[in-house]
Amino acid sequence: MRKYELIAPCHFGLESVLKREITDLGYDVSLVEDGRVTFLGDEEAVARANIGLRTAERILIKVGQFKATTYDELFEATKALDWESYIPVDGRFNVVKAASIKSKLFSPSDIQSIMKKAMVERLKTVYKVSWFSEDGDDYPVRVTLMKDEVTVGLDTTGVSLHKRGYRKLVSKAPIAENLAAALIMLTPWREDRILVDPFCGSGTIPIEAALMAANMAPGMNRDFNAMDWNDIVGSRVWKDAFDEARDEVCMPSECDIQGYDIDKSMIETARANAKLAGVDSLIHFQARDVAQLSHPKKYGFLITNPPYGERLEEKEAIARLYKVLGERYKALDDWSMFMITSYENAEKALALKADKNRKIYNGMLKTYFYSFMGKKPDKRK
């Protein structure tokens, strides 16, 4: 099997979670950088990573890496890459995304245009044609420039991996599925412990937790770009990877995952999404104000994405909301709470001091993931 360097972008601040996931899949991580993890694998790895990784944004095949400070250098270095090993004569190819950080070349549209011309020149020479019909399968290219270092990747995923396929309806400010999964994985929660999200919205955090509890691969019910690339990842490889994912599903006999929201319509949305995900039997959703938050059991987990109050006029209401959340959390018996928010006065409003505070970028928004640790249950015999 052919070996590749595979690049998995992720949310800034969650690289360690993704690295652990990749290692658990059985692949060697070669490089961890801000916002991406590079690992080694074959065509089977392309399929298994797309289907199985919960916290990645997408999977790119690394085509090449080089330094470029002028557009001439960018053109020549792009032209020198081995494009014919990936793109057939009828393939549709474009640089669909260019990002430049601290680099002399900073115009995304110019970078995209020049790299496309270089790819055309290379493939015209190899295939001995003067023009391309581009009526075959899609081969989208993504490029990142960081301090003049250009990294070129072929996008095997297509629609971002956070699109699992179950969230047809969303709340006003939904948390991305891969971010929700990463937050859960940053906690000690396991499927035999209670989990409550008191601001569940369209249900993303409870659903992602239920998928983990059932060992359901996040990508087992969707398609990927590279499923059409038979010369790179054969159809048999994809079939085996999907079969493996389905064989590993194991619905737990007992599972206590709950989602609350004050908005009754959001609860109906959450239930519909959970049913599409195949985990509706594992989650109890209920229309409930956070002021009514309570639970008779000990040692549970609150994992939540409460409102942030980004607009100035919302600040006072948000402070009151967090005050109520803090009071209700203190009334729970030996529970732990994990909360992501951009609200800078969160600890003051909660009247709690976090045990840990992790910075995470939710897109361009800087957020904090607060950990409030409760007592651990007695060790079981």
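Lining the largest cavity of this predicted model are I7, L31, E33, R36, T38, K62, Q65 and T151. The volume of this cavity comes to about 30 Å³. The structure holds one cavity of 30 Å³ or more.

Which strands each supply at least two residues of this lining? They are β2, running over 28-33, β3, over 36-41, and β4, over 60-67.

I turn now to a pair of helices. Helix α3 covers residues 71-79, and helix α4 covers residues 108-127. Their axes come within 8 Å and cross at roughly 40°. Why is α3 described as oblique to α4? Angles under 35 degrees count as roughly parallel, and those from 65 to 115 as roughly perpendicular, with the rest counted as oblique; a crossing at roughly 40° therefore makes α3 oblique to α4. As for handedness, the crossing in which α3 passes α4 is right-handed.

Which residues meet where these helices are in contact? From α3 come Y71, L74, F75, T78 and K79. On the side of α4, the residues are D110, I111, I114, M115, K117, A118, M119, E121 and R122. The residues of this contact divide into eight nonpolar, one polar and five charged.

To close, there are two places to look at in the structure: the cavity lined by residues including L31 and K62, and the contact in which residues of α3, among them F75, meet residues of α4, among them M115.

Technical notes
Residues are numbered from 1 along each chain as its sequence is written. This is a predicted model: local features need pLDDT of at least 70, side-chain atom pairs count only at pLDDT 80 or more; totals for chains, interfaces and linings use all residues. Side-chain values use heavy atoms; hydrogens and water are left out. On a 1 Å grid over the protein atoms alone, a cavity is a set of points where a 1.4 Å probe fits but cannot get out, and a pocket is an open set with protein on both sides within 12 Å along at least five of seven lines; lining residues have an atom within 4 Å of a point. Grid points are joined across faces, edges and corners, and a volume is the space filled by probe spheres set on the points. Helices (H or I, at least four residues) and strands (E, at least two) are DSSP runs, numbered from the N terminus. Axes are lines fitted to C-alpha atoms, for helices over the stretch in contact, and angles run from 0 to 180 degrees between N-to-C directions. Angles under 35 degrees count as roughly parallel, over 145 as roughly antiparallel, 65 to 115 as roughly perpendicular and the rest as oblique. A crossing is left-handed if the near helix is turned anticlockwise from the far one by less than a right angle, and right-handed if clockwise. Contact means heavy atoms within 4.5 Å. Ala, Val, Leu, Ile, Met, Phe, Trp, Tyr, Cys and Pro count as nonpolar, Asp, Glu, Lys and Arg as charged, and the others, Gly among them, as polar.
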